There are 2 protein chains.
Amino acid sequence: MPEIPKERLEKYLNLQREFKEERYINLNPIQRGGVLTDAAREALLEFGDGYSTCDWCPPKTPRLDAIKRPPIGQFMQDLAEFLGMDVARVVTRCREAQFIAFATLGEPGDYVVVDGLAHYSAYVAAELARLKVKEVPHSGHPEFKLDLDAYAEKIEEVKRETGKLPAAVLLTHVDYHYGNLNDAAVVGKICKKYGVPFLLNSAYTAGVMPIDGKKLGADILVSSGHKSWAASAPTGILALKEELIDRVLARSKIVGDWSKHEVGVKEYALLGCTVMGGPLISLMASFPHVVDRVEHWGEEVEKARYLIEQLERIEGTRQLGIKPKQHTLTHVESEGLYKASQAHKRRGFFLYDELKRRGIVGIQAGLTKHFKLNTYGLTKAKVEQVAKAFLEIAKDQGLTIK
Amino acid sequence: MPEIPKERLEKYLNLQREFKEERYINLNPIQRGGVLTDAAREALLEFGDGYSTCDWCPPKTPRLDAIKRPPIGQFMQDLAEFLGMDVARVVTRCREAQFIAFATLGEPGDYVVVDGLAHYSAYVAAELARLKVKEVPHSGHPEFKLDLDAYAEKIEEVKRETGKLPAAVLLTHVDYHYGNLNDAAVVGKICKKYGVPFLLNSAYTAGVMPIDGKKLGADILVSSGHKSWAASAPTGILALKEELIDRVLARSKIVGDWSKHEVGVKEYALLGCTVMGGPLISLMASFPHVVDRVEHWGEEVEKARYLIEQLERIEGTRQLGIKPKQHTLTHVESEGLYKASQAHKRRGFFLYDELKRRGIVGIQAGLTKHFKLNTYGLTKAKVEQVAKAFLEIAKDQGLTIK
C-alpha cells in the first residue's frame with residue numbers, strides 16, 4: 001500500500017480562495033455570471049454530500065430527471081420552458097452537452113460547421129465524437145464579425161465534398177474572444193432550409209440575457225451553469241426541440257451477452273445520471289434569481305459601455321469587436337498601456353500589480369496590449385471604481401487621457 | 001421571451017434535504033463513502049462560485065492539472081501515488097473515466113470484456129464509445145462469485161471472433177449488487193499475458209480501503225469521488241500507468257480548417273477541463289482524511305459482519321454474495337420479512353416505515369425480500385441501533401429470532 005507522508009498532506013488543510021467576491025472586484029471574463037446567489041450557497045451545502053440528490057430516486061425510473069424531491073424533474077421542465085425549448089437536461093458541462101449532441105447526431109467522419117470564433121470546447125467535442133469541423137469565417141481585426149450568411153455556403157461545401165449534409169451546425173451566440181453577439185435567427189433559418197440540426201452555444205448568453213430558443217430557430221441550445229447561471233461548477237445545460245429527443249436522449253440499447261442485462265431506462269449519451277449533487281442544486285436554487293436577472297440585461301450592457309467609454313479615453317486604447325457593445329465580455333486593445341509596459345521595470349505585469357493594489361483582479365497577469373474583462377453583475381459604483389483605477393494607472397504612466 | 005410564473009419558482013426557494021447525516025442513520029448503499037468531512041464542507045463553500053478554481057490558471061498551459069493555487073496539480077500527483085498509479089486526473093464521474101478509457105483505447109466495433117456484475121455505467125460507457133461487451137460469468141445465487149479465470153477464455157473468444165484483442169478488460173473490484181470483493185491481481189496477470197489494458201473499477205474500494213494499483217496489475221484505475229472519497233458529486237478519478245498516458249490523455253490534434261486554430265494543450269477525451277469548481281476542492285480537502293481512513297478498513301468490515309450476524313438471527317434471513325463479507329455493501333435476502341410483508345396492510349412498505357420511525361433510512365422503500373445496505377462510516381453504536389431496530393421490527397411481526 002503506497003504511503004503519502006503526512007507533511008505532504010498539509011497543503012490540503014484549510015484550502016482558501018484569495019479572490020473572493022467580498023474581497024476583490026473580479027473582472028475575470030469567465031467568472032462574472034457564475035457568482036453564486038446566497039440561496040445557491042445554502043443549497044450547495046445542504047446537498048454537499050455525494051449522491052445527496054438520490055434520496056428519492058424512483059426505483060422504476062432511476063434517472064435524475066425523474067426525481068421529484070428535490071424538484072429536479074420539474075426544474076428541467078421549467079428550464080426548458082424558460083429557454084423556449086421543449087426538453088432540458090442538466091449535464092456536467094456545456095462542452096459535454098456539445099459532445100452529446102455531436103456524438104448522437106453524427107457518424108465518425110461526418111462534418112460539423114462551426115463559427116470561426118467558436119470556443120475550444122466545440123473543437124474537442126467534435127474530435128471526441130470523431131467528427132471534422134468546417135469553419136465560417138469572420139472579418140478579422142478590429143471587428144471580428146462573423147459572416148453568418150456563409151453558413152449556407154459551408155453547408156453546401158460539406159455536401160459537395162462528402163455527399164451528405166453536416167451532422168450539425170454550431171453557432172457561438174456570444175464568443176469568448178470579443179464578446180460579439182450574433183443574430184442566431186439568421187443561422188436558424190439557414191439550418192431549417194437545409195434540414196440540418198442547429199446547435200446554439202449560449203454559454204455566455206442564456207442565464208444572463210433573455211433567450212428564446214424557438215424564436216432563434218435553435219434545435220439544440222447548450223449553456224454553462226457555472227459560467228452564466230450563478231451555479232457551481234461543473235454544470236451544463238442541454239436543451240432540445242422535441243424532434244431531436246429520440247436521437248440525442250436515446251435510451252441505452254446495449255445488452256449483456258451473458259447476463260442479458262439491459263439498462264433501457266438510461267439515456268446512454270449522458271452515461272445515465274450526470275450531476276447528482278450540489279452543483280445541480282445550486283443551479284436550481286439560483287433559478288428564481290436568474291429568471292429575474294435576465295430582465296435587467298440592458299443595465300448590464302450599459303455598465304459595460306460606460307467602462308469602455310472611460311477606457312477609450314486612455315491614449316491608444318480601444319475596444320475590439322463589434323461596436324457598440326451588446327455584451328459585458330469585452331476585449332480591450334491598448335497600444336498606450338503596452339507602451340507604458342515597455343518602459344516599466346515590471347514590464348507587462350505592472351498593470352496587474354497596479355490593479356490588484358487597488359483591489360481589482362481577473363485581468364490576465366502580464367497582458368497590456370490585449371486583455372479581456374467582464375463587468376457582469378458588478379454594481380455601477382464598482383464599475384466606476386474600475387474605470388477610475390485604469391485612468392489613474394494610465395496617468396501615472398504618463399499616458400494622455402482624453 | 002418565455003415567462004415563468006412567479007408561483008412556479010417558489011419550489012426552488014429554500015431547498016432542503018430531509019435525510020441529513022445529523023438527523024438520520026442513512027444506510028443507502030451508494031451514499032456512505034460520500035459523506036463530506038467538515039474540511040470538505042468548508043472548502044466546498046469557499047470554492048462555490050463557478051470557475052473559482054481558475055483564478056490562477058496558467059495562461060500557457062491552461063489545464064486544471066497545471067494549476068498550483070489551490071494545489072490541484074500537486075493533488076493529482078499525490079492521488080496517483082496514493083493509488084499506486086503513475087498519473088491521475090479528476091474527471092466528472094467514474095463513468096466518464098470509463099468512457100474516456102474506452103473511447104481512446106478502442107475503435108468503433110471493438111470489444112471490451114467486462115465482469116457479469118459490472119455497474120450499468122460500464123455498459124453505457126461502452127455503448128457511447130461504440131464498443132461491444134463480452135461478459136465473464138458468475139456462479140449465480142447465492143454467492144454470485146465471478147469466474148476470474150474465465151477472463152482468459154473471453155479474451156480468446158474475442159480474438160477468435162474478431163481477429164483482434166479486446167480494446168480493454170474491465171473488472172469491477174467490488175460490485176454494487178452483492179458487494180463481492182474480487183482478487184484483481186488474477187485478472188491483472190491475465191491481461192498482462194495477453195497485452196490487453198486492464199481497467200479496474202474501484203468505485204467501491206479506492207477511497208475506503210487500501211488499494212495498490214501496481215500490485216493489482218491495473219493499467220487504468222477508475223473511482224468515484226462522491227461514492228468513496230468523501231467528496232461532492234460529480235467527481236470521478238481516472239488513474240493510469242505511464243504506458244497509457246499518450247493514448248488515454250492524448251492531446252487534441254484537431255485544427256480549424258479556416259482559422260488554423262489548435263488546442264494542442266488540451267486532453268481531448270477529457271474535453272479539456274473537467275471539474276473546475278467546488279466538488280474537486282471537496283475531494284482535495286477530504287484527501288488527508290481519506291489517506292487515514294483506508295487504514296481502518298478492517299474495522300469497517302467488522303461492523304458490517306456484526307450487522308449481518310444480527311440480521312441472520314431473523315427467521316429466513318441471510319446475506320447473499322461471498323461469505324464472510326469483505327466489504328460494507330451488503331445484499332440481504334429475507335424470506336421472513338417478505339412473509340411478514342404479505343400479511344401487512346402496508347405490504348412491502350412496512351419495513352421502510354418502521355425503520356424510518358426509528359430514524360433509519362436508505363433501504364429502498366417497498367423492498368423486504370431483497371434489499372441492500374451499507375454501514376460504511378457509521379459508528380459501532382449506530383450499527384447496533386440498526387441491528388436492534390431490525391430485530392425489534394421482525395419480532396413485532398411475529399418472526400422467530402434465533
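In which kind of crossing, left-handed or right-handed, does helix 4 of chain A pass helix 5 of chain A? Hold that thought.

First, some housekeeping. This is a predicted model, where local features need pLDDT of at least 70 and side-chain atom pairs count only at pLDDT 80 or more, while totals for chains, interfaces and linings use all residues. Residues are numbered from 1 along each chain as its sequence is written, and chains are lettered from A and ligands numbered from 1 in the order in which they are written.

Okay, our two helices (DSSP runs of H or I, at least four residues, numbered from the N terminus). Helix 4 covers residues 94-105 of chain A and helix 5 covers residues 120-128, and they pack at about 40° with axes 8 Å apart. Axes here are lines fitted to C-alpha atoms over the stretch in contact, with angles from 0 to 180 degrees between N-to-C directions. So helix 4 of chain A is oblique to helix 5 of chain A; under 35 degrees would be roughly parallel, over 145 roughly antiparallel, 65 to 115 roughly perpendicular, and the rest is oblique. And the crossing is right-handed, so the near helix is turned clockwise from the far one by less than a right angle.

Who touches whom? On helix 4 of chain A, the contact residues include A:Phe99 and A:Phe102, and on helix 5 of chain A they include A:Ala125 and A:Ala126. Contact means C-beta atoms, placed from the backbone, within 7 Å.

Now look at A:Phe102. Leaving out residues up to four places away in sequence, A:Phe102 also touches A:Val112 and A:Leu131, among others.

Finally, zoom out: 96 residues of chain B are in contact with 96 residues of chain A. Chain B's side has 52 nonpolar, 23 polar and 21 charged residues. Here Ala, Val, Leu, Ile, Met, Phe, Trp, Tyr, Cys and Pro count as nonpolar, Asp, Glu, Lys and Arg as charged, and the others, Gly among them, as polar.

Notes. Contact = placed C-beta atoms within 7 Å.
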